[in-house]
Amino acid sequence: MGGVAPSPPCPFCNGRRTELASTFGSHASLSTWWCAECRSPFEVLRWQETTSPVDPGQPSNKSTSA
Ligand SMILES: [Zn+2]
């Protein structure tokens, strides 16, 4: 069970010394990170936090040929 998420590299200086500043940024799907290298905050999309529920399968091309 991987609990600790890997720190994303800084998009500005590509530094690895990033710290999670806030779990929720402007949007609920964004995490605010802080780069200790260039001291700039940046937001990262929480792509692998929780898997979104799949939409109810819409009826695809159903051949209704009686
Ligand atoms: Zn940086």
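Strands here are DSSP runs of E with at least two residues, and helices are runs of H or I with at least four; both are numbered from the N terminus. I noted that this is a predicted model, in which local features need pLDDT of at least 70, side-chain atom pairs count only at pLDDT 80 or more, and totals for chains, interfaces and linings use all residues. Residues are numbered from 1 along each chain as its sequence is written.

Is Thr18 buried or exposed? I have it down as buried, because it has 21 C-beta neighbours inside 10 Å. The cut-offs are 20 or more other C-beta atoms within 10 Å for buried, 12 or fewer for exposed, and partly exposed in between, with C-beta atoms placed from the backbone.

I then listed the contacts of Thr18, leaving out residues up to four places away in sequence: Ser7, Pro8, Pro9, Cys10, Trp33, Trp34, Cys35 and Ala36. A contact means that the C-beta atoms of two residues, placed from the backbone, lie within 7 Å. For Trp33, which is 15 residues from Thr18 along the chain, I have a C-alpha separation of 6.5 Å.

**The sheet**

Which residue of β2 stands opposite Thr18? I found Cys35 there. β1 and β2 (residues 30-35) run antiparallel and are joined by four bridges. Strands count as paired if DSSP finds at least two bridges between them.

On the β3 side, I found five bridges from β2, again with antiparallel strands. Trp33 stands opposite Phe42 in β3. The hairpin of β2 and β3 has five residues between the strands, and I noted that Arg39 takes a positive phi near 55° in that hairpin.

Put together, the three strands make an open sheet in the order β1-β2-β3, with antiparallel pairing. β1 (18-22) and β3 (41-45) stand at the edges with a single partner strand each, so one side of each has no neighbour in the sheet. I have an average twist of 40° from one strand to the next; axes are lines fitted to C-alpha atoms (for helices, over the stretch in contact), and angles run from 0 to 180 degrees between N-to-C directions.

**Whole chain**

I counted zero helices and three strands in the protein, and the pattern along the sequence reads β-β-β. Of the 66 residues, 8% are buried. Among contacts between residues at least 6 apart in sequence, 19% join residues at least 24 apart.
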